[in-house]
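Trainee: I am new to this structure and would like to go through parts of it. Please show it to me.

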Amino acid sequence: MRTKLSDRCSYLDKLQNMSIRGLKKKQPKTFKVKVVTMDAEMEFSCEMKWKGKDLFDLVCRALGLRETWFFGLQYTIKGMCTWLKMDKKVLDQEIPKEDPISFRFLAKFYPEKVEEELLQEITQHLFFLQVKKQILDEEIYCSPEATVLLASYAVQAKYGDYDPNFHEPGFLANDELLPKRVLRQYQLTAEMWEEKITAWYAEHRGIARDEAEMNYLKIAQDLEMYGVNYFPIAQSKNHTDLLLGVDAKGIHIYSINNRFSPNKSFEWSAIRNISYSEKELTIKPLDKKAEVFKFFSSQLKVNKLILQLCIGNHDLFMRRRKVDSIEIQQMKAQAREEKARKKMENQRLAREKQLREEAERAKEELERRLFQLEDEARQANEALLRSQEAAELLAEKAQIAEEEAKLLAQSAAEAEQERQRLEITALKTKEEKRLMEQKMREAELIAVKLVKESDRRAKEAEHLKQDLHEAREAERKAKQKLLDVTRLNYPHVARYPHHSPADTRDVNFDKGSVKLDLKDIDLKRLSFEIERERLDYLDKSKRFEDRLKELKSEIHALKLEEKQTGLYSHWNEVLGSLDRSLGHVPSWMKTFEAVDSLDINFQRPFPAYPLNTTSSWPCTNKNQYMEPMGKSPFQTDILVASNVGTGTRKQIVKVQQHDSDVIYI
């Protein structure tokens with residue numbers, strides 16, 4: 001059994017080795033090819049017998065491209081760009097000898113209307129990338145304003161909708177969006193260019209990538225140099241002074257310095273035949289009467305390339321004007337379905353995006369609300385803690401407040417009592433003020449009266465002074481007359497002036513011979529009246545002075561309470577007037593001071609002798625003369641006896657000087 005299994009295994013090994021050797025013999029030889037598209041690089045292993053179409057189809061299948069008639073494989077040989085021929089083997093063509101062989105997958109022919117002819121998204125995207133590169137490399141001229149707008153669509157196709165939170169300033173710093181010619185033409189910084197592009201970019205919100213690329217191509221297809229392949233030509237062999245341009249609409253002849261406006265154009269519908277012979281190229285119009293255009297190129301390869309481009313563009317031109325084939329119709333139907341599907345998908349995505357944005361906003365709002373609620377909860381907790389602390393403090397303050405309330409109530413009661421007392425005091429003060437004002441008015445009236453009385457007394461004193469002068473004169477005459485009579489009738493008296501009164505008791509005066517002048521009695525009466533008036537004045541002055549002292553004490557007690565009122569200064573004026581009134585001595589009082597000598601003369605009414613009715617006269621008792629009635633020398637008693645009719649009249653006059661001056665009669 002084991003021998004059979006081992007034999008079978010050895011047999012299987014022999015078969016396997018034989019199959020591997022057979023496969024090695026059947027495997028064809030290959031070469032490596034690198035194909036570079038506008039956004040990718042691909043490497044393929046090609047069989048030695050493959051034609052250009054085999055490699056081209058392989059690349060198209062790899063890209064998923066069905067609109068193959070716009071594209072081709074380009075390579076560079078001896079500084080000249082050439083397209084790979086589809087009907088010849090790859091290795092039989094004049095290609096670069098390198099490993100791997102490099103080809104560029106580019107658009108060879110351009111559509112007349114991109115929106116109608118470009119059906120697949122990949123076709124549109126490859127055209128977009130190629131045209132964008134041609135504009136940036138200045139192979140297609142574009143105005144600065146159009147370049148900014150095209151750049152904004154390119155940014156929209158790359159980054160999607162503008163989001164200021166995500167697309168911060170400087171996000172386009174690494175993107176090449178504007179031709180260098182435009183950057184050199186305007187002295188603007190990169191930030192300023194970015195600001196201009198972003199302003200347009202923000203307005204493209206909601207545009208999908210394929211729409212943005214299509215809008216880019218629709219603007220680019222209106223440019224003068226769009227889709228034109230330029231070749232230098234000459235009408236003679238020795239000069240190159242013209243440019244030949246081939247595009248989707250026909251053949252155009254340009255001057256060497258102007259690629260925008262052709263000097264002459266041949267539409268594909270007006271061309272009957274194009275042929276070349278070595279370096280000479282002939283364009284025959286459809287109108288046989290028209291002139292045949294001939295020109296010369298620099299190389300034979302150039303003529304071949306021009307002819308190849310003319311054939312391809314003419315075929316596409318004629319194809320556009322025919323009924324679409326079934327394949328094209330299917331592709332257009334699929335494209336329409338794809339566009340409808342993408343539109344719906346975009347709408348759905350837009351709705352989802354809108355819902356997502358709304359959800360995000362709602363989420364942000366909820367997060368913000370949650371954060372706000374957390375913050376409010378935290379603040380509430382802190383407030384609760386503070387409230388608890390405040391409650392404790394308030395409890396303590398409440399207790400303190402109760403105690404203070406009690407104290408305040410007590411203070412309020414005391415304040416109420418004090419208020420009542422102050423009201424009573426205020427009433428008393430008002431009453432006292434009124435009384436003081438009344439007293440002040442009375443004092444003023446009294447002062448005015450005193451002043452008037454002083455003036456009156458002064459006038460009376462003047463009259464009394466005159467009367468006193470007359471009385472002195474009469475006294476002097478009476479004394480002289482008495483002396484004369486005495487000398488005539490009693491000569492012994494003159495000789496013996498010191499006789500005792502006993503010796504003279506018997507001496508009788510004759511009623512008719514010895515007479516006293518009545519003026520002496522009038523003089524005494526006048527002196528008595530003057531002294532009485534003086535005493536009355538002194539008494540009144542003393543009472544008034546006591547009254548003024550009382551007023552002063554009352555005013556002084558109210559000074560502090562009346563300081564804020566206007567009466568304070570008035571009190572001072574009143575007090576000053578009262579003091580002046582007290583300090584004013586009437587002139588008639590001065591008169592009494594002036595006539596003190598009269599009071600002294602009253603001590604000796606007769607010269608050296610007192611008159612006594614009970615003894616002899618003149619009296620010789622010296623003691624009786626010097627100290628009558630036991631009085632002091634400053635006091636004198638004057639005895640005057642006179643016989644008036646049958647009676648005797650006795651008058652005693654007492655004169656006291658200084659503060660105790662009093663007269664008794």
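Trainee: In which strand does Gln 74 lie?
Mentor: This is a predicted model. Residues 71-77 form a strand, and Gln 74 lies in it. The element is strand 3.

Trainee: Is Gln 74 buried or exposed?
Mentor: Gln 74 has a relative accessible area of 11%. The cut-off for buried is under 20%, so with 11% Gln 74 counts as buried.

Trainee: Which residues is Gln 74 in contact with, leaving aside its neighbours within four places in sequence?
Mentor: Contact here means heavy atoms within 4.5 Å. With the neighbours within four places in sequence left aside, the contacts of Gln 74 are Cys 81, Thr 82, Trp 83, Phe 103, Arg 104 and Leu 106.

Trainee: How are helix 5 and helix 7 oriented to each other?
Mentor: Helix 5 covers residues 144-159 and helix 7 covers residues 190-201. Their axes are 8 Å apart, and the packing angle is about 70°. Angles of 65 to 115 degrees count as roughly perpendicular, and therefore the two helices are roughly perpendicular to each other.

Trainee: Which residues of helix 7 meet helix 5, and what are the classes in this contact?
Mentor: From helix 5, the residues involved are Val 148, Leu 149, Ala 151, Ser 152, Val 155, Gln 156 and Tyr 159. They meet Trp 193, Lys 196, Ile 197, Trp 200 and Tyr 201 in helix 7. By class, the contact has 9 nonpolar, 2 polar and 1 charged residues.

Trainee: How is helix 5 oriented to helix 8, and is their crossing left-handed or right-handed?
Mentor: Helix 8 spans residues 209-220, and its axis comes within 8 Å of that of helix 5, at a crossing angle of roughly 160°. Angles over 145 degrees count as roughly antiparallel, so helix 5 is roughly antiparallel to helix 8. The crossing of helix 5 and helix 8 is left-handed.

Trainee: What are the classes of the residues where helix 5 meets helix 8?
Mentor: Helix 5 brings Leu 149, Leu 150, Tyr 153, Ala 154, Gln 156 and Ala 157 to this contact. Helix 8 brings Arg 209, Ala 212, Glu 213, Asn 215, Tyr 216 and Ile 219. The class counts are 8 nonpolar, 2 polar and 2 charged residues.

Trainee: How many disulfides are in the whole structure?
Mentor: A disulfide needs a pair of cysteine sulfur atoms within 2.5 Å. A search of the whole structure gives a count of 0.

Technical notes: Residues are numbered from 1 along each chain as its sequence is written. This is a predicted model: local features need pLDDT of at least 70, side-chain atom pairs count only at pLDDT 80 or more; totals for chains, interfaces and linings use all residues. Side-chain values use heavy atoms; hydrogens and water are left out. Axes are lines fitted to C-alpha atoms, for helices over the stretch in contact, and angles run from 0 to 180 degrees between N-to-C directions. Helices (H or I, at least four residues) and strands (E, at least two) are DSSP runs, numbered from the N terminus. Angles under 35 degrees count as roughly parallel, over 145 as roughly antiparallel, 65 to 115 as roughly perpendicular and the rest as oblique. Ala, Val, Leu, Ile, Met, Phe, Trp, Tyr, Cys and Pro count as nonpolar, Asp, Glu, Lys and Arg as charged, and the others, Gly among them, as polar. Buried means under 20% relative accessible area, exposed over 50%, partly exposed in between (1.4 Å probe, protein chains only). A crossing is left-handed if the near helix is turned anticlockwise from the far one by less than a right angle, and right-handed if clockwise.
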